Each structure stands twice: as C-alpha cells, then as structure tokens.
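Here's a quick briefing to read alongside the model. Take a look at the fold first, then go through the points below.

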Amino acid sequence: MAQWQYETFCTELNRSVDFDEELRKILQNYGMKGWELVQVLQPKNDTRYHLVFKTERSLYPNLEPAKQ
C-alpha cells in the first residue's frame, strides 16, 4: 500500500506577466522533483493560490540511496 507525503506551495501569481508561463514554471519545478499537483485552492478574499502537491513516500526510507 502506498503512503503519501504532501506539500503546499502558496503563491501570488503576478498578473502583469504571462499567468500560464508562471504557473508552468512552478508545475515543472515540482514535477521534476517527483511531486504531483492534486489540488488548487484560492480561499475567499485571498489573492494567493495554494497549490497542494503529493509524492509517494517510501515504505522503507533506510533502503533508499543516499542523496548526494
């Protein structure tokens, strides 16, 4: 059975630049690190977007190769 870990990234996407390009950079950055976007939240009266990412957590972290 898979176990997941989650991370939330909060950003105020700058409307004066290309919105799609700025979002693509964020998604590309997290995706290259193995994170998957699972939710986008924008609470009322909040100009920030809250991007929720998940990645699979190893069931046996001690068996993973050391990071260099």
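How many helices and strands does the protein have? There is one helix and there are three strands, in a model that is predicted. Starting at the N terminus, the elements go β-α-β-β.

- The three strands make an open sheet in the order 1-3-2, and the pairing is antiparallel.
- Going from one strand to the next, the twist averages 25 degrees.
- Five bridges hold the antiparallel pairing of strand 2 and strand 3.
- In general, strands of a sheet pair through backbone hydrogen bonds.

**The helix**
- Helix 1 (residues 19-32) lies across strand 1, strand 2 and strand 3.
- Relative to strand 3, helix 1 runs at about 20 degrees.

**The core**
- Seven residues form the largest nonpolar core: Leu-13, Ile-26, Tyr-30, Trp-35, Tyr-49, Leu-51 and Phe-53.
- Helix 1 and strand 3 are the elements that give two or more residues to this core, and strand 3 has the largest share, with three residues.
- As a rule, nonpolar side chains in soluble globular proteins tend to be buried together.

**A look at His-50**
- His-50 is in strand 3 (residues 49-57), and Leu-41 stands opposite His-50.
- Is His-50 buried or exposed? His-50 counts as buried because its relative accessible area is 13%, and the cut-off for buried is under 20%.
- The side chains of His-50 and Asp-46 are joined by a polar contact of 3.1 Å.
- Leaving aside residues up to four places away in sequence, His-50 touches Thr-8, Phe-9 and Cys-10, as well as Gln-39, Val-40, Leu-41 and Pro-43.

**Whole-chain numbers**
- The protein has 68 residues, and 19% of them count as buried.
- Its accessible surface comes to about 5800 Å², with 50% of that belonging to carbon and sulfur atoms.
- If you take the contacts between residues at least 6 apart in sequence, 52% of them join residues at least 24 apart.

Terms used:
Residues numbered from 1 in each chain as written. Predicted model: local features only at pLDDT ≥ 70, side-chain atom pairs only at ≥ 80, totals over all residues. Heavy atoms only, no water. Helix = DSSP H or I, 4+ residues; strand = E, 2+ residues; numbered from the N terminus. Buried < 20%, exposed > 50% of the residue type's maximum accessible area, 1.4 Å probe, protein only. Polar contact = N/O pair within 3.5 Å; in protein donor to acceptor, adjacent residues only side chain to side chain. Contact = heavy atoms within 4.5 Å. Pairing = 2+ DSSP bridges. Axes fitted to C-alpha atoms, helices over the stretch in contact; angles between N-to-C directions. Areas by Shrake-Rupley, 256 points an atom, 1.4 Å probe, with all protein chains shown as cover. Core = buried A, V, L, I, M, F, W, Y, C linked by side-chain atoms within 4.5 Å.
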